[in-house]
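Hi,

Here is the structure I promised to pass on. Have a look at it first, and then read my notes below.

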Amino acid sequence: MTLEKTPPPSAPPAGPSSPSASSLAWARRRGSVTRFWKEYRTHRAGLLGLAGLAFIALIALFAPLLVGDDVRSVTNAPGTALEKPSGEFPLGTDQFGRSLLGLLIWGARISLTVGLLAAALSVAIGTLVGVIAGHYGGWFATVVMRITDWFLVMPTLVLAIVLATVMSRSIWTVILAIGVTSWPTTARLVRAQTIAVESRPYIERARALGGGHGHIMTRHVLPNVMPLVLAQTTLGISSAILTEATLAFLGLGDPLIISWGGMLQDAREAGAVSSGHWWYLAPPGIAIAFVALAFTLCGRAIEAVLNPKLGVSR
């Protein structure tokens, strides 16, 4: 009697390939961005601030096409000194005969650049200090936070003036001076959020599974504090722009670049305050106030979206 061999069971038909981990992660990120924008659109003040920032950003981006690089030239100025607003010069001229409208458009590039880079540096330092201090704790956190408190009680503007005075006068000095003196507030906020995140059960499970300090801080803590960091960045940009304008007004900026604060400094040196040349003072001052307000509105809207318990009005 011959035994017949039973054929092996056939493999199930191949179905559609399962999505990879990276595609699922990107899908979650897209969903988060979509939900964020849907909620952000309900804040009218935030939309108004975003529209204002987009307008200023487009002007700064296309400034070389709108006014040209020769707008900064002193020897080839098209007008006479301190002309009143007219059809040829809608905002008047400065003490060299240059168009204030052209200088205002060109200065948006420097003011926005300084604000963005200085705020990014400040938030990066504050986030690093806050996460490390909140994660490790103990005597190390105590020492770090006492240093943070020292920076916090010292006037930011005074420290920035000291750094801008002892270092070379350039745009990078201004960015560095603002960035390394305005991080303590972010550090304290991020530390508090880090302590709250590390008290959650999934952090204990990550440690039990062998997760090291770097893994926990980068994979678990940092993603949970990023909404706070994002909101703090938008609020810090307006402060950085105001600080840059103050340093330039005090004569501590780069005299070779055009910024809104530098325009105010030039107006002061030209005697615009005492002689009543209001058209020299008003445009850069209004531009600084407008951008600072726009960033503040966006920051408040972002805070309200990420933390609805704040109860920020719409």
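**Where α8 meets α10**

On the α8 side of this contact sit Thr-185, Thr-186, Leu-189, Val-190, Gln-193, Thr-194, Val-197 and Glu-198, and they touch Ile-216, His-220, Val-221, Asn-224, Val-225, Leu-228, Val-229 and Gln-232 of α10. Sorted by class, the contact of α8 with α10 holds eight nonpolar, seven polar and one charged residues. Before you go further, keep in mind that this is a predicted model.

As for geometry, α8 covers residues 184-198 and α10 covers residues 213-249, and the two pack at about 135 degrees with their axes 10 Å apart. Angles over 145 degrees would count as roughly antiparallel, so α8 and α10 come out as oblique to each other. The crossing of α8 past α10 is right-handed.

Thr-186 is worth a click while you're there. This residue belongs to helix α8 and is buried, with a relative accessible area of 3%. Setting aside neighbours within four places in sequence, Thr-186 is in contact with Val-123, Gly-126, Thr-127 and Gln-232. Gln-232 also turns up among the α10 residues that meet α8.

**α4 against α7**

Next pair: helix α4 (residues 100-136) and helix α7 (residues 171-179) have axes that come within 8 Å and cross at roughly 40 degrees. That angle makes α4 oblique to α7, given that roughly parallel is kept for angles under 35 degrees. This crossing is right-handed.

Which residues of α4 and α7 meet? From α4 they are Ile-110, Val-114, Leu-117, Ala-118, Leu-121, Ser-122 and Ile-125, and from α7 they are Ile-171, Trp-172, Val-174, Ile-175, Leu-176, Ile-178 and Gly-179. The class count for α4 with α7 is twelve nonpolar, two polar and no charged residues.

Helix α11 runs over residues 260-269, and seven of its ten residues are buried, so the rest of the structure largely encloses it. The buried ones are Trp-260, Gly-261, Gly-262, Met-263, Leu-264, Gln-265 and Ala-267.

You'll find Leu-82 in the loop between α3 (63-66) and α4.

**Aromatic pairs**

How many aromatic pairs does a search of the whole structure find? It finds seven. One of them is edge-to-face and joins Trp-278 and Trp-279, at 6.0 Å centre to centre with 85 degrees between the planes. Is Trp-278 buried or exposed? Trp-278 is exposed at a relative accessible area of 56%, whereas Trp-279 counts as buried at 5% relative accessibility. Elsewhere, Phe-36, Trp-37 and Tyr-40 are linked by ring pairs into a cluster.

That's what I have so far.

Cheers

Key:
Residues are numbered from 1 along each chain as its sequence is written. This is a predicted model: local features need pLDDT of at least 70, side-chain atom pairs count only at pLDDT 80 or more; totals for chains, interfaces and linings use all residues. Side-chain values use heavy atoms; hydrogens and water are left out. Axes are lines fitted to C-alpha atoms, for helices over the stretch in contact, and angles run from 0 to 180 degrees between N-to-C directions. Helices (H or I, at least four residues) and strands (E, at least two) are DSSP runs, numbered from the N terminus. Angles under 35 degrees count as roughly parallel, over 145 as roughly antiparallel, 65 to 115 as roughly perpendicular and the rest as oblique. A crossing is left-handed if the near helix is turned anticlockwise from the far one by less than a right angle, and right-handed if clockwise. Contact means heavy atoms within 4.5 Å. Ala, Val, Leu, Ile, Met, Phe, Trp, Tyr, Cys and Pro count as nonpolar, Asp, Glu, Lys and Arg as charged, and the others, Gly among them, as polar. Buried means under 20% relative accessible area, exposed over 50%, partly exposed in between (1.4 Å probe, protein chains only). Rings of Phe, Tyr and Trp (its six-membered ring) pair if their centres lie within 6.5 Å; planes under 30 degrees apart count as stacked, over 60 as edge-to-face and the rest as tilted.
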